[in-house]
Amino acid sequence: MFVNRTKQSIRNIRVSLCFSILILVLRFFSRKVFIDHIGIEVLGLNTALTSLLNLLNLTELGIGSAVSYFLYIPLAQSDCKTVNEIVSLQGWLYKRVTYVILVGSIVLMSFFPWIFSQMKLPLWYAYGSFGVLLIGAILGYIINYAQILLSADQQIYKITYNIKGWEALGVIIQIVGIKYLHYGYFFWLVVELGRTLISCLSLHRTVKRSYPWLHTDLTKGKFLFRKYSEVTRKTKQLFFHKVSSYIVNQTIPLVTYACLSLTMVAVYGNYLAIISNITILFSALFESMRAGIGNLVAEKRPRQVPAFFAEYITARYWLSAVICFCLLQQVTPFISLWLGNEYVLDSVSFYILILSTFLSLANSFESFLSAYGLFQDVFSPVVEGALHLSFSILLGYYWGLPGILAGRVAGLLFLICWKPYFLYSRGFQIPIKRHIQLMGKVIFLILLSAGICQITTKHLMPPYYSFTEWIYNSILLFVYSILVFFILFAVFCKEFRNLFYRFLIITRHKT
């Protein structure tokens, strides 16, 4: 069973990685074309509007995460009746979420003339962009809510084919249209809307083919709402986590716009685009295991789960460190070559951004907490969000972007300390002492590996003045960093070796 679960995770990872890399490359080209032919202020506008829509999406309350947790056991037991009822309840709840988002959007758009009063662009840009984003969000709620089955059943690769495949095609068409058509931005909006509609219908068809026995009945929503009251309880708990996630991940562009300007939002957005795409690649490796972790916990193997968690967290810290070390060395030269020196962040903001990226990537507890249904620590997201928002606004007012980014670091540091204690005490129900010892060893190995790489790469990497030379140096740095980090972790960390041996066994078994 564990071999099958690992194989499915590897399949999800392989597909997600391929499409994520493709989208990553295309997005860099499209962003460059967008800035050159439409302008950087439009790019900053889209970033701000996405944050506003995500504010409205808080009305989702965490329903999807709660439903996913309750699907693991019936899926493992092939209990089609229970699965139909839970997915029907989700559809009924999402229908009401849609109503709230629509009303909230109408109210929000009435304030656009005030919100974007300092914008130099025509106001229809804001309405058009927000309208396209809104339609995409609503379609996900009213048509594609059943895709949660694919996620909970370890078939994320099917979601990737439908969503990322059409996204890649849409980006290619948008690049051509923006570059060669007079009304490039209007064309961009039309293609974005068309791509959203097609991918939504395609995914809906895939779900129907994958689960021909799935027959949802939203008219039974009130009855199912009472029957599965535990879903409601978990959803209420998850709401606080959703709010915190929004504050941490979405308010930086809004606070930056309030304290600075749309141009600074776009400058930060250029770095965010790189880091977000790298994060997507990273998530393709680890988030594809989420359903497998849920199934492992559902099988009630109390000794196996903590052992796998130790291997999982070690690998996650290892790869997070490699990625962030390479970002630290290569992002600023890339921005200079890609867009020009005027779009480079100051060094303090950049270092804080890399630190927050590492803490975010290394935060490896959510998949396990979700598998155990541990959402009741509602105070922790409140504390995290309060730390982030208060520090961002206060420090941002005095120190600009470095202060805004420092607020996120404060919230993440709190989570890194609290989440493992909560998981070990309520989930694993074992002392946290071994985790603390493991983290001490992992942090030491990261610092040692980074120090060796920093000293030696100065003599290995030649200077570069073009994209070709930058690509060559980046590949050289990435390969060398992986080798150095891998050797030290493999020699001194048993948990890292165990996970590596596990994948070797799966690979040999597959061949």
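Reader: Why is tyrosine 351 called exposed?

Author: The model is a predicted one. Tyrosine 351 has a relative accessible area of 52%, and the term exposed applies over 50%; therefore tyrosine 351 counts as exposed.

Reader: What makes phenylalanine 350 buried or exposed?

Author: The relative accessible area of phenylalanine 350 is 4%. Buried means under 20%, so phenylalanine 350 is classed as buried.

Reader: What kind of aromatic pair do phenylalanine 350 and tyrosine 351 form, and how do you know?

Author: Their ring centres lie 6.2 Å apart, with 40° between the planes.

Reader: How many aromatic pairs does the structure hold, and which residues do ring pairs link into a cluster?

Author: There are 28 aromatic pairs in the structure. Phe308, Phe309, Tyr312, Phe365, Phe368, Tyr424 and Phe428 are linked into a cluster by ring pairs.

Reader: What makes phenylalanine 334 and tryptophan 470 an aromatic pair?

Author: The centres of the two rings are 4.9 Å apart, and the limit for a pair is 6.5 Å, so the rings of phenylalanine 334 and tryptophan 470 qualify. The angle between their planes is 45°, and the pair is tilted. This pair links distant parts of the chain, since phenylalanine 334 belongs to helix α14 and tryptophan 470 to helix α20 (residues 467-492), 136 residues apart. Both phenylalanine 334 and tryptophan 470 are buried.

Reader: Why is lysine 158 called buried?

Author: Lysine 158 has a relative accessible area of 19%. Lysine 158 is part of helix α8 (residues 156-180). Its contacts, leaving aside neighbours within four places in sequence, are Leu150, Leu203, Thr206 and Ser210.

Reader: How do you know whether cysteine 324 is buried or exposed, and what does it touch?

Author: A relative accessible area of 6% is under the 20% limit, so cysteine 324 is buried. Cysteine 324 is located in helix α14. Not counting residues up to four places away in sequence, cysteine 324 touches Ile354, Thr357, Phe358 and Leu361. Cysteine 324 and phenylalanine 358 are 34 residues apart in sequence, and their C-alpha atoms are 6.1 Å apart in space.

Reader: What can be said of proline 74 in the same terms?

Author: Proline 74, in helix α3 (residues 63-76), has a relative accessible area of 6%; this is under 20%, so proline 74 is buried. With neighbours within four places in sequence left aside, proline 74 is in contact with Asp79, Thr82, Val83 and Ile86. The C-alpha atoms of proline 74 and isoleucine 86 are separated by 9.8 Å, and the two residues are twelve apart along the chain.

Reader: Why is glutamine 429 classed as exposed?

Author: Its relative accessible area is 63%. Exposed means over 50%, so glutamine 429 falls in that class. Glutamine 429 sits in the loop between α18 and α19, and has a positive phi of about 60° although it is not a glycine.

Reader: Which residues have the most contacts inside the largest nonpolar core?

Author: They are Leu71, Tyr317 and Phe368, in a core of 140 residues. Helix α14 gives the most to this core, with 21 residues. Among the residues that tyrosine 317 touches, beyond four places in sequence, are Phe358, Ile443 and Ile446.

Reader: What makes up the lining of the second largest pocket?

Author: The lining has 23 residues, and Leu355, Phe358, Ile443, Ile446 and Leu447 lie nearest the centre of the pocket. The lining divides into 20 nonpolar residues, three polar and no charged. Its largest share, eight residues, comes from α19. The volume of this pocket is about 520 Å³.

Reader: How many helices and strands does the protein have, and what share of its residues is buried?

Author: The protein has 21 helices and zero strands. Of its 511 residues, 54% count as buried.

Technical notes: Residues are numbered from 1 along each chain as its sequence is written. This is a predicted model: local features need pLDDT of at least 70, side-chain atom pairs count only at pLDDT 80 or more; totals for chains, interfaces and linings use all residues. Side-chain values use heavy atoms; hydrogens and water are left out. On a 1 Å grid over the protein atoms alone, a cavity is a set of points where a 1.4 Å probe fits but cannot get out, and a pocket is an open set with protein on both sides within 12 Å along at least five of seven lines; lining residues have an atom within 4 Å of a point. Grid points are joined across faces, edges and corners, and a volume is the space filled by probe spheres set on the points. Helices (H or I, at least four residues) and strands (E, at least two) are DSSP runs, numbered from the N terminus. Ala, Val, Leu, Ile, Met, Phe, Trp, Tyr, Cys and Pro count as nonpolar, Asp, Glu, Lys and Arg as charged, and the others, Gly among them, as polar. A nonpolar core is a set of buried Ala, Val, Leu, Ile, Met, Phe, Trp, Tyr and Cys residues joined through side-chain atoms within 4.5 Å. Buried means under 20% relative accessible area, exposed over 50%, partly exposed in between (1.4 Å probe, protein chains only). Contact means heavy atoms within 4.5 Å. Rings of Phe, Tyr and Trp (its six-membered ring) pair if their centres lie within 6.5 Å; planes under 30 degrees apart count as stacked, over 60 as edge-to-face and the rest as tilted.
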